[in-house]
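Here is a short report on a two-chain model. Look over the sequence and the structure first, then read on.

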Amino acid sequence: MKTINAKELNLRDVNTAIKQQINGHRVIVTDAEHIHGVAAGLKVGDILIQGDSGDYLGMLADGVTIEVTRNAGKYAADNMTRGQLLIQGNAGFGAAQYCYGGTVVIYGGAEDFTGTMNKGATIIVAGDIGDEAATYMLDGQLIVVGNAGFNLANYLIRGAVYIGGEWKSLGHNTHHVPMTNDDESQLRSLFERYGIEADPSRFKKIIAASKKPFYN
Amino acid sequence: MSAIGTFCVSVNRQACLNSQMPGKCGTCAEVCPHGVYAFDSQSGQVHIQNYNTCVGCRICAEFCPTDAIRINPAESEYISRYPWTFGVIEEIHHKAQTGSYLLRGFGTQGPTPNFDMITVVPSQIASQPPRDKYREECDMELVIGEDTCEKPMRLKLPFVWPAMSFGALSKEAKMALAIGAAMTGIATNTGEGGMLPEEAYLSRGYEDDSFSFQRWQPGGYLVVQWSTGRWGVSADYVRGGDAVEVKIGQGAKPGMGGHLLGAKVGEEVARVRGIPVGSDALSPCRYYDVQTLDDMKHQVAMLRDVTDYQVPILFKLGPSRPYADVAACIEAGADAISIDGLVGGTGCSPDLVTQGVGIPTIACIPQAVQALKDYGVHRKVKLIALGGIRNGLDAFKALAMGADAVGFGSAAEVAMGCRVCYACHKGNCPYGITSHRPELRARLDPVETGQKLANFIHANAEEVKILTMLSGHNRIADLSTEDLRAMDFNTAALTGLKLAGYDRPLPFWDQWPQSSAGDGSGNGHGQVPNRPVTSEHHRG
């Protein structure tokens with residue numbers, strides 16, 4: 001296990017150090033809250049960020065596993081294509097936007113614009129989520145254990161939003177449908193895998209009202 | 001569309017094959033993008049259904065096997081009926097019937113301020129003597145990112161193909177652009193629709209993905225676009241280019257994201273973009289993951305890190321406040337900045353945005369150059385002028401005004417065979433350039449068309465070389481506004497160029513610029529916004 005103290009380092013130094021030490025090791029990064037773009041674009045490895053992280057954590061991640069022990073800054077897991085990001089605390093504005101794949105688990109709450117233009121990732125928020133979550137989602141799923149703000153799943157195209165609590169308002173092109181047994185078992189296995197205590201039977205499912213939303 | 005109602009279609013019935021033998025030919029009805037002709041399947045006869053929808057592209061005349069069609073401009077009627085032209089009336093009828101606005105492709109119609117009223121100043125006895133185009137050398141190479149990257153982009157000529165996405169263009173057209181770039185040593189651009197596997201090797205001059213045989217010399221470069229829709233973007237995509245271009249906006253529709261109508265989203269486009277077949281792909285107008293200029297700086301730093309500090313980062317703007325927009329790009333860490341003026345092209349856009357939004361290219365360049373000079377980076381951070389550049393003469397004028405390179409977007413489509421019918425968005429391009437229908441795409445041979453594009457670039461290079469050398473220079477970078485004069489008041493007022501005859505800039509240009517960049521005071525040019533966009537903003 002290797003530890004990198006990022007206090008005196010810049011983005012290039014930290015990511016270079018991570019790349020050098022990641023082969024076969026778990027890398028621990030400390031004091032990285034001022035660095036934006038830690039572990040960007042990495043394909044393999046296992047990284048633990050101790051404390052808070054800066055913005056753009058794990059952007060373009062393509063297979064790497066990242067865990068943050070406290071809160072993540074803005075735009076965590078932005079444009080992730082594969083891999084996992086686990087945030088033990090809260091996520092900042094716009095977490096998990098533009099993702100093509102992978103899994104993002106936020107054990108705390110998430111702010112506005114989480115999962116915008118999600119194209120295939122699984123995003124789990126154990127707490128509450130802000131406004132405009134899953135805006136223009138094209139595929140994948142957003143699972144919210146708590147409550148959601150305004151305009152949930154605005155202009156949804158494909159994929160599904162599962163929500164355990166209430167929403168303030170639903171966005172355009174959304175349709176509220178009953179949960180199926182498959183949905184419940186899928187959620188149950190995800191909750192078990194990531195150690196989240198929630199009852200899938202009380203969840204609601206939102207899908208796109210029209211599969212081809214043409215705008216004028 | 002202002003072109004509507006300004007052309008008369010006439011068919012010589014004695015020459016027309018269909019008139020002689022009904023049912024034998026209906027080519028004009030098949031190729032017309034605007035339904036001017038109709039084929040009656042019962043009688044087999046073709047008749048002119050609605051000649052007023054003609055936009056004067058003359059595709060029918062080109063395809064007619066017996067040369068029976070003539071398209072005559074009817075400008076005098078257009079002028080006498082202005083402002084209630086047929087086009088305006090048709091637009092109002094369309095809105096009244098459908099409740100929707102007009103969409104169209106290609107670019108701006110009608111006169112806008114352009115390079116035409118600028119003249120080139122040759123060398124005579126009072127300046128350094130002209131150089132001999134036929135027997136002397138002229139340095140036209142352009143290096144982007146020389147001081148900042150480990151693998152700078154070394155363009156053989158100061159030209160680029162601007163971003164045109166796979167989706168807007170057909171696969172064959174994208175391949176032809178890549179081959180044209182490889183043959184001339186310039187850069188092609190993926191656009192925002194993801195990267196075609198073919199682009200990666202063709203643009204570098206290789207004939208297949210084994211990268212074993214370089215068929216086209218000297219080999220070009222591939223710019224990958226990082227845009228607001230992030231279609232088909234991954235770490236591998238970003239690392240697959242010789243440069244990354246951050247798209248802020250485009251000249252044809254600044255302030256809006258890319259439009260790709262469902263009619264053009266077939267299986268291959270859907271796969272490359274990662275979206276459902278047949279759904280409209282409307283890119284967001286802004287980056288959801290950039291709220292402030294600081295965020296953009298961090299994103300650029302991240303892109304440099306992901307590409308291992310090897311390749312340049314470019315920005316593309318449809319500048320609205322050219323000085324401040326370019327200043328913001330410099331602050332964000334750009335190695336080159338493309339400014340795409342009002343006349344810039346598009347595969348699909350609301351008519352009123354293409355027509356009525358943006359700053360003319362000639363008015364963008366001087367402000368952009370001033371921003372670069374104020375930051376002390378003119379000729380270091382390269383300026384690429386786009387938007388309505390049609391030939392070597394336009395290119396030279398843009399270069400002399402202070403740009404380091406120019407892009408031929410619409411002109412490249414025309415070089416591929418386009419006749420400007422403004423129907424790129426419909427997906428029925430008779431030349432296979434903006435269509436995904438296999439039978440139309442088969443008309444475009446990528447290698448043959450790549451050669452045409454290369455010819456076009458070489459001809460423009462020669463034109464730029466002639467003008468550079470007759471004005472006494474042997475390096476593109478030595479050109480200056482002293483090599484140009486404005487020929488009318490408007491152009492002198494918009495550009496700050498010396499007015500021919502008066503031989504100095506118009507007096508009010510002495511007042512500009514008033515303040516240096518970055519201090520956020522004075523004339524407002526130096527202000528760089530750093531305001532977050534919130535969910536309240538989103539909901540209005």
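What share of the 216 residues in chain A is buried? Buried residues make up 62% of them. Buried means under 20% relative accessible area, exposed means over 50%, and partly exposed lies in between, with a 1.4 Å probe and protein chains only.

## Basis of the model

This is a predicted model, in which local features need pLDDT of at least 70 and side-chain atom pairs count only at pLDDT 80 or more, while totals for chains, interfaces and linings use all residues. Residues are numbered from 1 along each chain as its sequence is written, chains are lettered from A and ligands numbered from 1 in the order in which they are written, and side-chain values use heavy atoms, with hydrogens and water left out.

The pLDDT is the predictor's confidence in each residue, from 0 to 100. Chain A has a mean pLDDT of 94. In chain A, 97% of the residues reach 70 or more. Among the elements of chain A, strand 1 (residues 2–5) has the lowest mean, 92. Strand 6 (residues 103–106) of chain A has the highest, 98. Where pLDDT is low, the predicted coordinates should not be read in detail.

## Chain A overall

Chain A holds 2 helices and 11 strands. Helices (H or I, at least four residues) and strands (E, at least two) are DSSP runs, numbered from the N terminus. Along the sequence, the order in chain A is β-α-β-β-β-β-β-β-β-β-β-α-β.

The C-alpha trace of chain A spans about 50 × 40 × 25 Å along its principal axes. Its radius of gyration is 17 Å, which agrees with the value near 17 Å for a compact globule of 216 residues. This radius is taken over C-alpha atoms, and the globule rule is 2.2 Å times the number of residues to the power 0.38.

Chain A exposes about 7900 Å², and carbon and sulfur atoms supply 46% of that area. Accessible areas come from the Shrake-Rupley method with a 1.4 Å probe; for residues, only the protein chains shown count as cover. Chain A carries 19 positive and 23 negative charges, with mean positions 7 Å apart. Lys and Arg count as positive and Asp and Glu as negative; His and the chain ends are not counted. The place of a charge is NZ of Lys, CZ of Arg, CG of Asp or CD of Glu.

## Chain B overall

Chain B comes to 19 helices and 20 strands. Its C-alpha atoms fill a box of roughly 70 × 60 × 55 Å along the principal axes. The radius of gyration of chain B is 24 Å, in agreement with the value near 24 Å for a compact globule of 540 residues. Of the 540 residues in chain B, 59% are buried.

The accessible surface of chain B is about 21500 Å², and 51% of it belongs to carbon and sulfur atoms. Chain B has 48 positive and 57 negative side chains. The centres of these two sets lie 3 Å apart.

## Contacts along the sequence

Contact means heavy atoms within 4.5 Å. Take contacts between residues at least 6 apart in sequence. In chain A, 24% of these join residues at least 24 apart. In chain B, the share is 68%.

## Loop residues in chain A

Asp78(A) sits in the loop between strand 4 (62–68) and strand 5 (82–87) of chain A. Is Asp78(A) buried or exposed? Asp78(A) is buried, at 0% relative accessible area. Beyond its neighbours within four places in sequence, Asp78(A) contacts residues of chain A including Tyr56(A), Leu60(A) and Tyr98(A). Its contacts also include Arg230(B), Asp289(B) and Gln299(B).

Leu60(A) lies in the loop between strand 3 (46–53) and strand 4 of chain A. Its phi is positive, about 60°, although Leu60(A) is not a glycine. Leu60(A) is buried, with a relative accessible area of 0%. Tyr136(A) also has a positive phi, near 50°. Tyr136(A) is in the loop between strand 7 (119–125) and strand 8 (139–144) of chain A. Tyr136(A) counts as buried, at 7% relative accessibility.

## Two sites in chain B

Gln217(B) and Pro218(B) are joined by a cis peptide bond, with omega about 0°. Pro218(B) lies in the loop between helix 7 (197–202) and strand 11 (221–226) of chain B.

Arg304(B) belongs to helix 10 (residues 293–306) of chain B. Arg304(B) is buried, with a relative accessible area of 14%. Not counting residues up to four places away in sequence, Arg304(B) touches several residues, among them Thr148(B), Cys149(B), Tyr309(B) and Asp335(B). The C-alpha atoms of Arg304(B) and Ala243(B) are separated by 10.0 Å. Along the chain, Arg304(B) and Ala243(B) are 61 residues apart.
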